[in-house]
Amino acid sequence: MIPFVTFLVNISITLISASVDRTEIIRELRDGTRDFYRESSEFIAEIESMGATQRYLDKINLNEKFESKVENLAVQENANREISIRLFEEYIVKYPMSRFIPDVLYRLGQLYFEDSSEKVIRETESYESAFQRFSRGEIQVLPPEPDVDYTKAIYYLKLLLREYKEYRFRDKALYLLGYAYFEEGRIEQSTVVFDTMVNEYPKSDKLPEVYTRLGEYYFDIEDFDRAIFYYSHVLEYPDSVYYDKVLYKLAWSYYRKRRVIDAADFFVALVDYHNKRYGENTPSSLRNEAKNYLAINFTEFGKGVSQAYAFFRRIGGRPYEYEIIEKICELYQLSDRIKKTTETVDFVLEYYRNEPRNPFVFEKIIKTYEQLGKQREANRERGRMAGLFGKGTEWYKKNRDNINAIIAAEHLIEEHLVKSAYYYQTEADKTKSRKDYIRAAMIYYNFLDQYPNSDLALGARFSYAQILFNLGDYEGAIIEFTRVMKYDDDTTYRDD
């Protein structure tokens, strides 16, 4: 009679080797164990535990795709895994020449991988909890970080791959071995295994992940040429979950190599992919990063907005093209590069002449001068703003039907006209320059004439009245002060 342990293992191996109806397996298991119940009562407890093991083994089908990360098993199944490991290891010792040995080795590799993965998760959770207590001062000594150890899984998988080179699940065994090395941080060994898998199984469904992992390894050690080589293979799998991430890393690889156009191609490819797959209005941090670095790419390593403009002409333009152009202007402004800012804004006003957001792009020149402490130059540019985007200008006529753009531009112009007048007024207050008082008065007068209903009108009128007083035009000052009192509902200026 076949020993019970051997019988149970052979039934388990049957699950691995062929597709068998579950009902038939259970019936066979029950028939085979009936004699043991009659022969000895000491088998009863063991048989019950084996039933739990059988259900566990039946649940895991090797014909299913092996997931990239092993799912955490419920706590009550830990004991079942330990039983399974014990049974399989006993089988290897007792029946080393069995035709099922390759399947047993692979199953042990899986089980030990699962066991190690769960241990890492448990220890990580425990460590994080202890770290929080340590941060709060509740404990004085921080425990060691979790130990990532896949030694036993690696042992059985290496044994399988070495002794049974024609094993039918060799590609999955290679994948799992490479993954185990990767989790341990043994990247070079992992890379060798994954390379082997790529060469031996060019059609494996695990290749997108393997190519990505290899690309990540070479990217991290700054071997960008090899990173690009492996990342590029993932482009053959557009439905892969790694596809958009690889587009981003390809863009970054070329970016790090300062290959501006190649990097731009992949940043755009990623943005286009996300727009098509998820919709332009769906939030996406990866897409936003791609747009930002597309602008940085042209700003830091390229020729700025002129090269970006030529690039977009080559690819037929994009709906988000102007957004990138505006980001380039902003990058120059934030880095206080006034010459580049001015050149960029002038280019935009020439080649994107009537874009609705042009007033805000032009404002970046003013902000750059302000950041550099050059208030007079900033004020000079404020004076240009109304002439470029105010009522009656070409830009204003082209955008007259875009109410939001017109309102936004008017508010911006109003703000800077008042700032311009205030600049000359404060300079005149310091120097008593009649010339600056007159300049300020003229700006306030034109502002009040064009924007009498502006939220800034009351304050501007009060300042205008003060200047008229300082210039000796007392009659004019009285008229303007009276108007201020008439419209000053909250008595902001009444006492003054």
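Select Ser-454: the residue is buried, with a relative accessible area of 11% (buried means under 20% relative accessible area, exposed over 50%, partly exposed in between, with a 1.4 Å probe and protein chains only). Ser-454 sits in the loop between α21 (434-450) and α22 (457-470); helices are DSSP runs of H or I with at least four residues, strands are runs of E with at least two, and both are numbered from the N terminus. Show its surroundings next: leaving aside neighbours within four places in sequence, Ser-454 is in contact with Glu-414 and Phe-447, where contact means heavy atoms within 4.5 Å.

This is a predicted model, in which local features need pLDDT of at least 70, side-chain atom pairs count only at pLDDT 80 or more, and totals for chains, interfaces and linings use all residues. Residues are numbered from 1 along each chain as its sequence is written, and side-chain values use heavy atoms, with hydrogens and water left out.

Now go to Pro-356, in the loop between α16 (338-351) and α17 (358-371). Pro-356 counts as partly exposed, at 29% relative accessibility. Not counting residues up to four places away in sequence, Pro-356 touches Trp-395, Asn-399, Asn-402 and Ala-405. Draw a distance from its C-alpha to that of Tyr-396, 40 residues apart along the chain: the separation is 9.2 Å.

Continue into α17. From first C-alpha to last, its 14 residues reach 20 Å, close to the 20 Å expected at 1.5 Å a residue; the expected span is 1.5 Å times one less than the number of residues. Because 10 of the 14 residues are buried, α17 is largely enclosed by the rest of the structure. Among the buried residues are Val-361, Phe-362, Ile-365, Ile-366 and Tyr-369. The buried residues of α17 pack against α15 (321-334), α16, α18 (375-389), α19 (394-398) and α20. Just after α17, select Gly-373, which takes a positive phi of about 75 degrees.

Next, colour the largest nonpolar core, which has 124 residues; Phe-267, Leu-294, Phe-298, Ile-328, Val-348 and Phe-362 have the most contacts inside it. Such a core is a set of buried Ala, Val, Leu, Ile, Met, Phe, Trp, Tyr and Cys residues joined through side-chain atoms within 4.5 Å. Helix α20 (residues 403-431) gives the largest share of this core, 10 residues. Centre on Ile-328: leaving aside neighbours within four places in sequence, its contacts include Ala-295, Phe-298, Val-305 and Thr-344.

Finally, zoom out. The protein has 23 helices and zero strands, and 47% of its 496 residues count as buried.
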